[in-house]
Amino acid sequence: MFRATFPEAAPVPPQDLTAPRPGNLSRARVVSVTRLSPSYSRVTVAGPDLARFASGGLHFRLLLGPEGAGWPQAGAGGALDWPGGAKAWHRPVYTCRSLTGTESGAELSFDVFRHDGGRITAWCDRLTPGAEVALTGPGGGGLPPARGWVGLVGDETALPVMARILAALPPATRGHAVLFVPDPADRQDIPHPAGVRLDWVLRGQCGDSPLDRLATLAWPDADRYVVFAGEQAQAVQARAWLPRQGLGKTEFVSAAYWTAA
């Protein structure tokens, strides 16, 4: 289903988003910013070339540069030239939650985990429709391979990618998904196969960690795949622990989404 084109930028004059772009950079405009729950916001952007994010990985980088800086441009050899220097830019990674075709391109939605003092939390709160944004990608891993049984364990930061994976699983898939959230209101209605059990764990109301819940999964002897995503140190531990439980390298992935101080 196609939707209307994105709104004009305000208050600054609109710029040509179809102009040549360097490398894998896309420019787009904000369509909406929605507060989904106490801990999550959803941002939807639209642009003429966003349809390319439908393949090549589930993730992209959001580009946040110095105040007043222009967008990166193609330098010598095609590499990006970062105004103010590359170190001055914040480039967090997000999951493409949905992609919808429009008459002028596509709309891409992504969810932001909100937390006190978070740079992107503050960015979401002041973001308005029509604002211009830039993204690079796609990149990162793709959807897990089709298997009869799939196990998923993710902390708060991994909820968007876990939701994307659950919604894409074949209807006959069996399995168990365990998702951590900070607040009961953060639980979402996520489409998933009837044979996949979905458990929500409220952070702070139990002593379990994502690693503890990983150990509770009861996977079969074959035709299986496990996805773990969360804090870096725990992801490293999961990556070492899963092979000791008999899973081969092609039967699991353990991804780090943030690093504890």
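Predicted model: local features only at pLDDT ≥ 70, side-chain atom pairs only at ≥ 80, totals over all residues.
**Ground rules.** Local features need pLDDT of at least 70 and side-chain atom pairs 80 or more, while totals for chains, interfaces and linings use all residues. Numbering runs from 1 along each chain as its sequence is written, and side-chain values use heavy atoms, with hydrogens and water left out.

**Aromatics.** I looked up ring pairs, meaning Phe, Tyr or Trp (six-membered ring) with centres within 6.5 Å; planes under 30 degrees apart are stacked, over 60 edge-to-face, the rest tilted. I got seven aromatic pairs. I picked out Tyr94 and Phe110: their ring centres are 5.4 Å apart and the planes sit at 40°, so I logged the pair as tilted. Tyr94 is in strand β6 (93–95) and Phe110 in strand β8 (105–113), 16 residues apart; strands here are DSSP E runs of at least two residues, helices H or I runs of at least four, numbered from the N terminus. I then checked burial (buried is under 20% relative accessible area, exposed over 50%, partly exposed in between; 1.4 Å probe, protein chains only). Tyr94 is buried at 11%, and Phe110 is buried at 1%. Ring pairs also tie Phe53 and Phe60 into a cluster with Tyr94 and Phe110.

**Glu251.** I found Glu251 in the loop between α4 (232–244) and β14 (252–258). Glu251 is buried, at 15%.
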